[in-house]
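I opened my notebook to look through a new structure, one item at a time. Here is what I looked up, in the order I went.

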Amino acid sequence: MRITNRMITSKYVRSLNQISSDLNRLNNKVTSGRAFTKASENTSAAIRAYQLRRDMSKSEGFMANIQHAETTLRNSESSIMHIQELVQNAQTKIIQGVNGTQSEGERKIIATELRNIQDQMLQTLNGSSSDMYYFGGTNTTEKPFTLDSATGKLMYNGNLLDDPALDSAALLADSRFVDIGLNVRVDASGVIDNTSVFKYSIPGLQITGYGTEEINGEDVSSNLYDLIGRMATELESGTYDSDMANKLLGKLQETSPKVVHALTDVGAKTSYLEFITDRLETKEFNDQERQMEIEAADPAETIIYFKSQEAAYNAALQMGTKIIQPSIFDYMN
Amino acid sequence: MRPTFLAFQTASRALAASKAHIDITGNNIANVNTEGFTRQRVDLSSISSSSYTQRYAVPGATMGYGVEVSGITQTRDPFLDSRFRTQNAEAAQYDTILKGLNDLEGIFDEIENAGLQSEMSNFINQLQILSQSPTSADFALVARTAAQKVTQILNIYSHQTEQVREQQIFDLENVVIDNDFNTTVKGIASLNQQIREEVTHGNVPNELYDKRNLLIDKLSALAPIRVTTQPEKISEGLTIENLNISLVDPTSGTTIGLVQNGLYNTLTTAEKDGELRIQINQSFGDAPKDITAYITSGTIKGHLDLINGRGAYATGAQNTFRGTLYYKSAMDTFAGNFAQLMNTINDPHSAGNLELFESNDGSPITSGNIRISQAWMDDPNHITTTDVIPTPENPTPGGADNILQMIAALNGKMDFRMDPKNPLSPVLFSGTTGEYLSGLSGELALDVELNTNFSDTANNVLYTLSTSRDAISGVSLDEEGINLMAYQKSYNAAARYFTVLDEAVDKIINGMGIVGR
């Protein structure tokens, strides 16, 4: 086959072009730090990279939700602890008041103190932060605990706690929730599966208790607020009945552990959140490592390739000048 | 009896032949870098005596009368030429498609730049934050802004894809058809006429042949042309070849003439039913007006695929290549189904007028016209956060169940339908929103990868053919140098011969018949 000048030069130009474009690509890799800058350079890795990015973004969302839930739980905890103190305080005072040696005047003083404790309890139960009430369930904008205008009894979200027709199950289940990555499931009619979200608010009903109990022929409110109020009424009344007072004290001592139970609930939720946070942090670390594996270029390896391509380019340049120039005319005389 | 001065004729013819060789060699060397130049060689034939023209037959040995330059021809292989031209069309087609797909990649690729996928992830996370305080107006505002970014980037994608399409149409109409195709076809026709005149007068117009071949090579990149020659008898002993160029329909075999000797047809474009069609301006022949289906490779086909290609959305006889129209439609499907999903969830009790997204002109939602609904723009709390109906005791329920439903829907599998409002419409894709978008990006990336490989392969084959052509038609300086030396020697030898003859005649005239002088 004849070799013509055109063939040699065009082949040479082509080869140089190829080496130059390789050099350019490797240079790009080093300066951008990426193994590939467009999906077409490595399509399957690109799809995995997109998936990973989506996953990591979701984890960020879950972490933000967890932090919000933690903050709310912490604030709820301190409020419930305050209520616990108030209840213990009330108990001490009542024990003092029930003591047979007390005079009527002293009993009246204790009654006033109990009413004071009642007020503080109501305020704490209506605790809020950033205009959102802690203990109202999904009612975050209106005070959850109010007093009935007729009877002065405690109402939760507009429901009299003494009411025997109180839908306690629904009210207890009503809580704020967020998605922390437990795979939220929603059925066709829009109802959320409760086991797939994280509930982070304590419904106030759980702390105070509800319903009534018959003591000495009278329907006595079972919730802490009204119970303490009934106690105060008994202590300051002219017809003080010590038997009734003792029974009321007994009921109070039975009911007050509810507050402790609420605290335990908060504690359990908080430690669950710690567990989930741990897992998410480990996941985030692993995801970041995987992302480095998929998307990042190994700089040492890339620079070595670059250098060897550079050497090839120089060699091609040198050799080219040797074959392009000479021809027989240099040797004719 | 042989004439005395006949030998001088032989000598002078020998000199002329060597001179011709040296001239041609010089011509070849001068044109070593000329594009399209085919090396020329001298055709020599030896002159013989023919008995029947002589009055008397010559017994014994007969001698030839020297050499004659019978012509100067090009060395060219027409078979290689036709293979080269077919391959040229293929390589040019893939190159064109690759360039267009790279433009599209610049729009949709998100490896280095944040795009629609990251805005969707951001929107979902803003919804998560809203779920923490659903009644808060400022979080609702941030969520709406994130949604606005999604609609705006959809608008941008739509607009930029249209721009790519318009650029392709411009390239096809102005650059390829007006400047390249039509002017080349005209040039070939006029060269045909010039060559015909030269040949009729007995010349071999090698330079004109080279020019014409160069133009035909250029034309071959644009469309799959077929070159045929037709002999035409001018007179006794003179037959000239007419060159015709045509397009051939692969299925029916009908040919559409583009150049017939001095006549030529030009092409134009026309828009019909949302597609770009190629039409022929006939000045000879009887081809159908619309010849789009006959262009099966070349730059024109590459542009047409990018302009008209609808991919999976093609119906009937439409182009099934994944071109700009496909990606536009894919984005429209995404926008329509996304909007329908969000609008439905935002209206849990089917109260009506609770859309989050709408189109800006009342027509069905596409990626080009999607925007935040006016109601949502007026009131950030237009987004329905909970299914619970407000009561006097609980006027602003603080549950986040509806938001969680939106998040679950955006993260979960859904059906993307051709018509999002019709549950019986065919399902185009089943998967999450993220999977739809990364799948689309993956399809484009695969197309680019594939066409890069096709283009590389086609160009390699083209290069091999070009090298083979060069091997036959190219000028090798070494060869010409050696030829120069050889022809110089033969010139010297002929001159020597002339000297010998001269001496011989001189001997006869001045030296014969002088006895004893």
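**Where the chains meet**

I began with the two chains together and found 47 residues of chain A in contact with 51 residues of chain B. Two residues are in contact if their C-beta atoms, placed from the backbone, lie within 7 Å. Next I looked up which elements of chain A build its side: helix 1 (5–32), helix 2 (43–98) and strand 6 (177–178) each supply at least two residues of the side that touches chain B. Helices (H or I, at least four residues) and strands (E, at least two) are DSSP runs, numbered from the N terminus. Helix 2 of chain A gives the largest share of that side, 13 residues. I then sorted the side of chain A that touches chain B by class and noted 20 nonpolar, 18 polar and 9 charged residues. In this sorting Ala, Val, Leu, Ile, Met, Phe, Trp, Tyr, Cys and Pro count as nonpolar, Asp, Glu, Lys and Arg as charged, and the others, Gly among them, as polar.

**A note on the model**

I must keep in mind that this is a predicted model, where local features need pLDDT of at least 70, side-chain atom pairs count only at pLDDT 80 or more, and totals for chains, interfaces and linings use all residues. Residues are numbered from 1 along each chain as its sequence is written, while chains are lettered from A and ligands numbered from 1 in the order in which they are written.

**Each chain as a whole**

For chain A I noted 9 helices and 9 strands. Its radius of gyration is 39 Å, well over the 20 Å that the globule rule gives for 333 residues, so chain A is more spread out than a compact globule. The radius is taken over C-alpha atoms, and the globule rule is 2.2 Å times the number of residues to the power 0.38. The C-alpha trace of chain A spans about 145 × 40 × 25 Å along its principal axes. Of its 333 residues, 29% count as buried. Buried stands for 20 or more other C-beta atoms within 10 Å of a residue's own, exposed for 12 or fewer, and partly exposed for the values in between, with C-beta atoms placed from the backbone.

Chain B has 11 helices and 12 strands. Its radius of gyration is 39 Å, well over the 24 Å that the globule rule gives for 517 residues, so chain B is also more spread out than a compact globule. I read its span along the principal axes as about 160 × 45 × 30 Å. In chain B, 37% of the 517 residues count as buried.

**Two helix pairs in chain B**

How do helix 2 (residues 78–108) and helix 10 (residues 433–473) of chain B cross? Their axes come within 8 Å and cross at roughly 155°. Axes are lines fitted to C-alpha atoms, for helices over the stretch in contact, and angles run from 0 to 180 degrees between N-to-C directions. That makes helix 2 of chain B roughly antiparallel to helix 10 of chain B. Angles under 35 degrees count as roughly parallel, over 145 as roughly antiparallel, 65 to 115 as roughly perpendicular and the rest as oblique. The contact of these two helices has 18 nonpolar, 10 polar and 6 charged residues.

I also looked at helix 7 (residues 324–345) and helix 9 (residues 401–411) of chain B, which pack at an angle of about 160° with their axes 10 Å apart. These two are therefore roughly antiparallel to each other. Leu341(B), Met342(B) and Ile345(B) in helix 7 meet Asn402(B), Gln405(B), Met406(B) and Ala409(B) in helix 9. By class I wrote down 5 nonpolar, 2 polar and no charged residues.

**Single residues**

Is Thr269(B) buried or exposed? I found Thr269(B) in strand 7 (residues 266–272) of chain B, and it is buried, with 20 other C-beta atoms within 10 Å. Beyond four places in sequence, its contacts include Leu172(B), Glu173(B) and Ile177(B).

Asp273(B) sits in the loop between strand 7 and strand 8 (275–281) of chain B, and it is exposed, with 6 other C-beta atoms within 10 Å. Its phi is near 55°, a positive value in a residue other than glycine.
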